[in-house]
Amino acid sequence: VCFVVVCILTFIGTFYDVLLRYKVLRKTSDENSDRNTITLSTLRSNSKLDNKITISKLWTVKTHNASLDVRDANITPKPWSEALLSFSLFVNISKLCSLDVGIDTLAPVHGLRFYSMLWVILVHTCLISNQISENKTFRNVVEKDFLYQTIGNSIYSVDTFFFVSGCLVTFLYYRTMANKKIQEKKVTKGCLGQVLQFLAMIWYRYFRLTPIYLLVIGLLQVLMKWYHDHSMIELPTALDYETCEKFWWRNALYINTYFNVPERCMAWSWYLTNDTQFYIVGTIILIIGANFLPAAIFIVAFFLIGSWVTTALITLHTGHMPSIQDPFAHYESIYDKPWTRIGPYLIGMITGWYLFKINCKANMQKVIVVFSWSLSLIILTSIIYGLHETTFGPILSVLYTALSHSAWAICLAWILIACVTGYGGLVNRVLSWKYMYPASRLTYCTYLVHPLLIRIVILQGERSWYLSRSFLAVLFFGNVVISYTVSLFLSLLFEAPVVSLLRIIHPLREWKQL
């Protein structure tokens, strides 16, 4: 029913969009018959016009010297018109495929998202495929390969997402607070105003993420139930047909990581739960920091040091030892708990605040730049590839487990700062490549669906596989293509309309990007 309703709304919204564009074409054609002709294709490809359409001022568009602009910006758009245009494929595709960074992000962040997502897909492809491998010794053989540490230490790809999330939220919050219009609004002042800020930001985040999240959970439950009844293969981790039916509400409340793994629905959603909890804590810190910065600094330092100490104590208590062979050891104690993973998020917040304070501009000496780049690359490489044929003792295990995630985030902080301020060189060109922006904008949907699609590919085969490096490489690239294809469909039909609708009805529209 949900798919049918959304498809109907998409058809109506797209048709309405075409009618509005056609009206503009007719009007501009009559007014400028002696000027350059504007065709429907050029109208559709004009990014400036598309940007105006997305805010529902299309009917105010005029022609001015063969270019399109808005003459009367004071005309109030009609809510129902904005709502219909939220479902327009033309509008949503133009947003998705825009090669402009926009005001809501930092260019290198797109690269960090995209490459980290590829890393996550690679890891899940290898780990899930190994569950049905005929040659059980294959993993034991490849684990001895130096490069296999890329798979075994993939947990740091998630730290990249935590870092990016904390950085963007902080950077955008303080830049929004610096807006004079925001400062003049009474609703943002005083204790009541701060509470409203908090509620508005949490409200937007929840309804921004949850609808598509619950949709994928529903698809997961139905599809895993069907494959359980029809496939000749049974994946030991694909029990979502039972757990999602019983415990989906825990995911909806973002508390699922506090329950035992066998009772969890959509196991990979632990990241989303942690990130949401970090966002709640981070929002409180940001609001406090906007009024009394020393208090916010103290809270950040308290949580950061507290996370290190807590992780160290848990590591000692459980006897955890980092290893490539069992990267998810003590999963429920160390891997997925917010108090052991909040470090990168907090460091991201510090980075976002710093970029705001310097307005993304810095003048650094060459010696400092060279030293920082060298040190960061050495630390990053050591974290990922430093466990090869190495066994840590208790002290080194504690230090590595407690500090490595934050060390990873600190290195990313330097990379982001260097790229944004003009000291990134080749790295910045790779991370900020504009043709990567559309794929980066699909990251959330890709994260939600890619493990489900990997499972479907495996269960559809109905037989175990004989794994090899070349086979896994082909499987990985296939999973990347199908994951981003399905994500494009979900984004255009579900995610993008929800985001647009929220920006229309958000109680504090100036905070919509947060």
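The legends below describe close-up views of a predicted model.

Local features are given where pLDDT is at least 70 and side-chain atom pairs where pLDDT is 80 or more, while totals for chains, interfaces and linings use all residues. Residues are numbered from 1 along each chain as its sequence is written, and side-chain values use heavy atoms, with hydrogens and water left out.

**Figure 1. Overview of the protein.** The protein has 23 helices and two strands. Helices (H or I, at least four residues) and strands (E, at least two) are DSSP runs, numbered from the N terminus. Of the 514 residues, 50% count as buried; buried means under 20% relative accessible area, exposed over 50%, and partly exposed in between, with a 1.4 Å probe and protein chains only. Contact means heavy atoms within 4.5 Å. Among contacts between residues at least 6 apart in sequence, 81% join residues at least 24 apart.

**Figure 2. Two annotated spans.** The unreviewed UniProt entry carries the annotation "transmembrane region" for several spans, including residues 278-305 and 439-458. UniProt positions are given in the numbering used here, feature names are shortened, and annotations may be inferred rather than shown by experiment. Residues 278-305 are 96% helix and 0% strand, and the end C-alpha atoms of this span are 15 Å apart. Residues 439-458 are 95% helix and 0% strand, with end C-alpha atoms 25 Å apart.

**Figure 3. The second largest pocket.** On a 1 Å grid over the protein atoms alone, a pocket is an open set of points with protein on both sides within 12 Å along at least five of seven lines, whereas a cavity is a set of points where a 1.4 Å probe fits but cannot get out; lining residues have an atom within 4 Å of a point. Grid points are joined across faces, edges and corners, and a volume is the space filled by probe spheres set on the points. The second largest pocket has a volume of about 550 Å³. Its lining holds 21 residues, and Leu 112, Tyr 115, Trp 119, Leu 380 and Trp 408 lie nearest the centre. Two or more lining residues come from each of helix 6 (107-130), helix 18 (366-385), helix 19 (394-420) and helix 20 (425-431). Helix 6 gives the most, with seven residues. By class, the lining has 16 nonpolar, five polar and no charged residues. Ala, Val, Leu, Ile, Met, Phe, Trp, Tyr, Cys and Pro count as nonpolar, Asp, Glu, Lys and Arg as charged, and the others, Gly among them, as polar.

**Figure 4. The largest cavity.** Three cavities of 30 Å³ or more are counted, and the largest holds about 200 Å³ of space. It is lined by 19 residues, with Ile 155, His 320, Pro 322, Pro 327 and His 405 closest to its centre. Helix 9 (155-177), helix 15 (331-335) and helix 19 each give two or more residues to this lining. The largest share, four residues, is from helix 19. Nine lining residues are nonpolar, eight polar and two charged.

**Figure 5. The second largest cavity.** Helix 11 (residues 190-230) supplies the largest share, three residues. The lining divides into eight nonpolar residues, one polar and one charged.

**Figure 6. The largest nonpolar core around Met 266 and Leu 448.** A nonpolar core is a set of buried Ala, Val, Leu, Ile, Met, Phe, Trp, Tyr and Cys residues joined through side-chain atoms within 4.5 Å. The largest core has 118 residues, of which Met 224, Met 266, Leu 448 and Tyr 484 touch the most other members. Helix 9 gives the most to this core, with 14 residues. Leaving aside residues up to four places away in sequence, Leu 448 touches Ile 212, Tyr 213, Val 216, Met 266, Trp 268 and Leu 272. Met 266 lies in the loop between helix 12 (240-252) and helix 13 (270-291) and is buried, with a relative accessible area of 0%.

**Figure 7. Two residues with positive phi.** Most residues other than glycine have a negative phi. Met 266 has a phi near 55°. Asn 359 also has a positive phi, of about 55°. Asn 359 is in the loop between helix 17 (343-357) and helix 18, and is exposed, with a relative accessible area of 52%.
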